[in-house]
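Student: I am new to this structure and would like a close look at a single part, the aromatic rings and what surrounds them. Could you take me through it slowly, in one connected answer?

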Amino acid sequence: MSVLKSIQLKLKFFVGSLFYLKYAIHAYIYSLQRDGLERQFTHLSTEVGFAKPGKILSAEQKGSSVILYFELAELEIYFLTEDLVRIDWKLGIAPIPYAIAKNDWQDVEINLEQTDNDWVIFSSQVKIIVAVDGSLKFCDRSGNILREELPPQRKNEGWVHQAQLRKEERIYGLGERASSLNLRAAKDEQQQSKTYRMWNFDAAGMYAPGSDPMYLCIPVYVGMHSDGSYLIFYENSFDANFTFDETATADFVGGRLRYYFTYGSPGQLLERYTQLTGRASLPPRWALGYHQSKWGYRTEQTIREEAQAFQAYDLPLSAIHLDIDCQVGNRAFTIDPERFPNLAGFTQELAQLGVQFIAILNPGIKYSRHSNLFLEGQILDGFCKLPDGSLVVAPVWPGWCVFPDFTNPKVRSWWSRQYAYLLDVGVAGFWHDMNEPAAFILWGDRSLPKVTQHFMEGRGGDHREAHNVYGLLQAEAAYESLRQYRAEKRPFIVSRAGWAGLGRYAWIWTGDIECSWGALRQTVATVVGLGLSGIPYSGPDIGGFQGNPGGELYLRWFQMATFLTFYRTHAANNVEHRRPWTYGEPYLSIIRSFLQLRYRLLPYFYTLSWETAQKGYPPVRPLFWSNSDNSTLWDVEDAFLLGDALLVCPIVEDGGRSRSVILPPGTWYNFWDDSAIAGEQQVTLDAPLERIPLLVKAGSILPMEENKQLILHIYPPVQASEYILYSDANDGYGASRLDKFRMSRDANNLELHWEQEGDYPFSYTDVQLHLHGFDIQQAWIDDTEIAIQEQKLSCHPFKKVRLKGQ
């Protein structure tokens with residue numbers, strides 16, 4: 001190393017040390033202040049709780065609901081649909097319905113009956129038995145008991161709610177978790193059932209598998225056992241702890257015990273849950289492509305060179321994300337004009353390369369009269385305060401900061417207006433960071449004091465209740481801004497934190513995960529668990545946020561991420577810059593092939609996004625998604641389904657060149673060589689460095705595109721199957737089309753029918769049919785025989801194709 005280089009590195013380290021020393025001092029001061037404020041303003045509740053709500057005194061039916069009067073509490077059971085029920089113990093602070101997207105439910109015909117010891121409320125689909133002591137049983141339409149709850153316990157301002165779990169019962173969900181997919185399987189350091197905290201938490205630069213809590217906690221879970229599966233969602237944003245041993249226990253420090261029950265297949269559960277809490281809207285199609293990011297770009301020229309390098313290496317790229325180093329003093333809604341002297345021209349330049357420009361945004365506002373945002377927020381009385389009326393001030397990246405109170409609609413409206421000028425200069429989307437909200441600390445909780453006061457839509461409340469919805473409400477403000485100020489385009493927002501209903505507004509990434517093989521494996525369970533919690537769009541920092549992965553780890557991570565919805569490389573500012581060409585060959589060529597495969601698969605991804613918008617299904621699914629009665633699939637947490645057609649088996653071990661997987665029912669085809677494999681067995685699949693095991697389910701039509709040609713890869717069914725392909729202008733709110741395909745097969749014939757619906761024109765020049773697992777001998781399109789070439793047929797849109805073969 002040259003003397004000059006050595007001096008430069010030492011200066012960089014010295015300056016960096018001083019930089020972080022400033023934050024450490026602020027964090028020390030704030031930690032002391034936070035503890036003092038919580039001692040000063042915390043008042044212990046004098047409310048007397050109860051171990052049981054007492055006995056039922058009476059009950060009455062009012063339309064679709066029944067109210068049961070206990071000695072110490074009142075219980076309302078309200079049927080929103082025949083199989084979706086709200087249970088509301090009416091003590092404590094009622095939740096503000098931030099999570100709820102639908103309130104106009106049709107009346108449901110229900111019945112109320114009294115037996116010797118119980119009250120029974122039932123619709124055509126659900127029966128609820130309320131015992132005299134307040135315990136509840138939920139039964140399906142056949143009378144099978146799906147869930148048995150103990151009487152709720154009231155403690156001070158909060159609740160303890162328990163339900164008995166069966167020996168074989170699995171639990172999935174709770175939002176973002178660095179745990180096993182089956183939450184019940186995880187143990188703590190003492191080998192006791194793991195406790196999951198419901199408190200959005202900044203991992204402060206790096207987390208490992210097993211860390212808890214995480215950035216996005218949602219009190220929703222799926223229970224699965226031999227008699228079926230059900231979903232429970234607690235509409236309570238207060239801090240809580242969940243454990244799953246012999247009982248499922250939810251322990252809330254405050255709020256109302258209001259929760260929702262539904263049952264059915266995983267698809268039915270997510271359809272009902274997202275009907276209640278809202279579904280993700282269709283994203284712009286470019287968002288499903290590849291995103292490149294780095295904390296450390298700093299200048300327009302660096303980003304320009306990055307985009308040009310992707311072109312030079314023949315690597316597709318859809319977006320580049322800026323981190324806080326591109327701002328002025330790390331301040332929200334700024335991009336440094338000295339380092340980005342012509343931002344409008346630059347975003348247009350990137351757009352001509354097909355690359356979107358994404359800006360970062362943190363909620364903390366610099367506590368300074370030199371900040372216009374600070375002055376505006378003060379005039380609006382829009383910042384979080386302490387009980388004595390003084391501002392809450394805490395250290396984050398800009399230094400000492402104040403925090404907008406997003407529980408005030410006036411503040412959300414003000415915040416929405418701030419995005420407008422960046423949209424005017426071509427910023428295509430935003431990623432929200434540090435919005436748990438996070439603060440720098442040396443000990444204790446990494447957030448605002450729990451005594452912080454919030455507007456809460458006018459009724460008032462404190463940070464114990466507002467903390468978890470903070471990121472959700474910031475995302476709502478951003479989403480409404482993008483809808484208003486750029487109405488012809490679909491919003492694109494990525495958020496680190498949020499709560500139930502976040503999927504209506506934003507995607508998420510899985511935060512500052514470490515760079516390790518264990519973290520790669522963890523990502524599968526985390527993303528699948530998020531999908532089962534109503535968050536359909538998520539993905540990791542490819543390669544991990546903190547650390548320097550070797551070429552093989554980065555490649556294996558990249559291969560897996562090719563089949564996740566959010567497809568982005570990102571890393572910290574103190575690690576090596578990580579790009580597809582960083583590791584040279586053979587990694588570059590392999591990564592290029594997977595990038596190209598991702599872009600060929602965009603018709604499939606886009607159709608899955610349409611399905612998400614219609615039904616709430618997550619594109620990334622557990623292996624038991626369509627076979628939840630198959631218990632051998634319940635614990636598979638290192639493989640996943642992408643839609644119904646693809647089964648993805650990542651390689652999560654160093655040096656792995658094969659792996660085993662338990663297959664769901666049906667016949668599966670190896671994507672790489674077309675070999676057929678029978679389902680419902682454990683198989684070992686080859687995984688050379690250049691690929692990961694990827695299987696296609698028989699009966700699938702897998703759409704791909706290349707050079708304006710639509711390629712339909714056809715994997716014939718045993719008897720019959722259907723597929724719908726969605727398309728539109730890729731953005732905006734104009735016309736769309738559905739191409740509906742039906743396949744039927746007998747011993748020697750395969751027929752494919754095509755029906756078209758919608759006003760959007762067919763956007764491909766022609767069509768190719770590529771048959772797999774069926775040896776074609778003759779082919780007819782609309783009764784005209786055509787030539788076959790290597791299992792492929794070239795054609796234009798048709799009504800019917802008939803194939804003879806075997």
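Predicted model: local features only at pLDDT ≥ 70, side-chain atom pairs only at ≥ 80, totals over all residues.

**A strand pairing, then the rings**

Tutor: In strand β24, Trp400 is the bridge partner of Pro395. Strand β24, which covers residues 399-402, pairs with β23 in the antiparallel sense, and the pairing runs over three bridges. These two strands belong to an open sheet of three, whose order is β22-β24-β23 and whose pairing is antiparallel. Because β22 (365-366) and β23 (394-396) each have a single partner strand, they stand at the edges, and one side of each is left without a neighbour in the sheet.

From here we can turn to the rings themselves. A pair of aromatic rings is described by two values, the distance of the centres and the angle of the planes. Counted by the ring-pair rule, the model holds 60 aromatic pairs. One of them is made by Phe374 and Phe383, whose ring centres are 5.9 Å apart and whose planes meet at 10 degrees, so this pair is stacked, the cut-off for stacking being under 30 degrees. Phe374 and Phe383 are both buried. Ring pairs also link these two residues into a cluster, whose members include Phe333, Tyr367, Phe374, Phe383, Phe406 and Trp414. Further members of that cluster are Trp415, Tyr419, Phe430 and Tyr470.

As for accessibility, Tyr554 is buried with a relative accessible area of 0%, whereas Tyr583, at 22%, counts as partly exposed.

Burial can also be followed along a helix. Helix α3, which covers residues 300-312, has 13 residues and reaches 18 Å from its first C-alpha to its last, close to the 18 Å expected at 1.5 Å a residue. Its buried residues are Glu300, Ile303, Arg304, Glu306, Ala307, Ala309 and Phe310. After the helix comes Asp314, whose phi is positive, near 60 degrees.

Loops, too, can hold buried residues. His772 lies in the loop between β45 (766-771) and β46 (776-781), and it is buried, with a relative accessible area of 6%. The side chain of His772 makes a polar contact of 2.9 Å with the side chain of Asp674, and another of 2.9 Å with the side chain of His713. Leaving out residues up to four places away in sequence, His772 touches Asp674, His713, Ile714, Tyr715 and Pro716.

In another loop, the one between β33 (640-642) and β34 (646-648), lies Gly643, which counts as buried at 0% relative accessibility. Apart from neighbours within four places in sequence, Gly643 is in contact with Tyr604, Leu608, Pro619 and Arg621.

Methods
Residues numbered from 1 in each chain as written. Heavy atoms only, no water. Helix = DSSP H or I, 4+ residues; strand = E, 2+ residues; numbered from the N terminus. Expected span 1.5 Å × (residues − 1). Buried < 20%, exposed > 50% of the residue type's maximum accessible area, 1.4 Å probe, protein only. Pairing = 2+ DSSP bridges. Polar contact = N/O pair within 3.5 Å; in protein donor to acceptor, adjacent residues only side chain to side chain. Contact = heavy atoms within 4.5 Å. Phe/Tyr/Trp six-rings, centres within 6.5 Å; stacked < 30°, edge-to-face > 60°.
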